[in-house]
Amino acid sequence: MLGLAQIGIGNINESIETFESAYLINSKDTDLLLQFASAIAASQDGQFDGKSQVLIDDALSLDPQSIQVLDFSAIVAAHGGDLDGAIEFWEKALYLMSNDHPDRNIIEEALGLSLIHISEPTRRS
């Protein structure tokens with residue numbers, strides 16, 4: 001909680017330190033891993049590179065059925081240029097979530113944009 005509050009008030013470095021401390025206590029908490037990765041990404045202009053990507057990969061290993069973990073994994077894949085991978089993660093997340101899930105529209109939109117982007121003639125091999 002403290003780490004999220006620190007992000008909210010713009011104390012990114014303090015937030016990362018707080019998440020690092022919590023991570024040392026419980027490195028198997030997927031919510032913590034995703035929040036920690038988000039804090040690191042916030043310090044990297046929103047890029048999920050390096051440690052933030054490793055944390056998301058760890059969360060995926062721990063809970064490959066988590067909608068939130070799949071969404072984060074898709075975002076990392078898309079930012080890394082792996083649209084096929086992003087599409088697979090988003091499709092799996094949509095399969096697992098209910099029709100009235102609050103994030104369903106967001107994931108459907110991201111998936112739709114990825115499908116359009118991947119089908120553009122300049123993207124074909």
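This report describes the helices of a predicted model, the packing of two of them, and the nonpolar core.

## Overall fold

The chain in this predicted model contains seven helices and zero strands, and reading along the sequence gives the pattern α-α-α-α-α-α-α. Of the 125 residues of the chain, 34% count as buried.

## How helix 4 meets helix 5

Two packed helices are described by the angle between their axes and by the distance between those axes. Helix 4, which covers residues 51-62, packs against helix 5, residues 67-79, at an angle of about 140°, and the two axes are 9 Å apart. Angles over 145 degrees would count as roughly antiparallel, and those from 65 to 115 degrees as roughly perpendicular, so helix 4 and helix 5 are oblique to each other. The crossing in which helix 4 passes helix 5 is left-handed.

On the side of helix 4, the contact is made by Gln-53, Ile-56, Ala-59 and Leu-60, while helix 5 contributes Val-69, Leu-70, Phe-72, Ser-73 and Val-76.

In soluble globular proteins, nonpolar side chains tend to be buried together. The largest nonpolar core of this model has 31 residues, and the members that touch the most other members are Phe-48, Ile-56 and Ile-107. At least two residues of this core come from each of helix 2 (12-25), helix 3 (30-42), helix 4, helix 5, helix 6 (83-96) and helix 7 (104-119). Helix 3 supplies the largest share of the core, namely eight residues.

What does Phe-48 touch, if residues up to four places away in sequence are not counted? Phe-48 touches Ala-37, Ser-38, Ala-41, Gln-53, Ile-56, Phe-72, Ile-75 and Val-76. Of these residues, Gln-53, Ile-56, Phe-72 and Val-76 also take part in the contact between helix 4 and helix 5.

Is Ser-73 buried or exposed? Because its relative accessibility is 5%, and buried means under 20%, Ser-73 counts as buried.

Note on methods:
Residues are numbered from 1 along each chain as its sequence is written. This is a predicted model: local features need pLDDT of at least 70, side-chain atom pairs count only at pLDDT 80 or more; totals for chains, interfaces and linings use all residues. Side-chain values use heavy atoms; hydrogens and water are left out. Axes are lines fitted to C-alpha atoms, for helices over the stretch in contact, and angles run from 0 to 180 degrees between N-to-C directions. Helices (H or I, at least four residues) and strands (E, at least two) are DSSP runs, numbered from the N terminus. Angles under 35 degrees count as roughly parallel, over 145 as roughly antiparallel, 65 to 115 as roughly perpendicular and the rest as oblique. A crossing is left-handed if the near helix is turned anticlockwise from the far one by less than a right angle, and right-handed if clockwise. Contact means heavy atoms within 4.5 Å. A nonpolar core is a set of buried Ala, Val, Leu, Ile, Met, Phe, Trp, Tyr and Cys residues joined through side-chain atoms within 4.5 Å. Buried means under 20% relative accessible area, exposed over 50%, partly exposed in between (1.4 Å probe, protein chains only).
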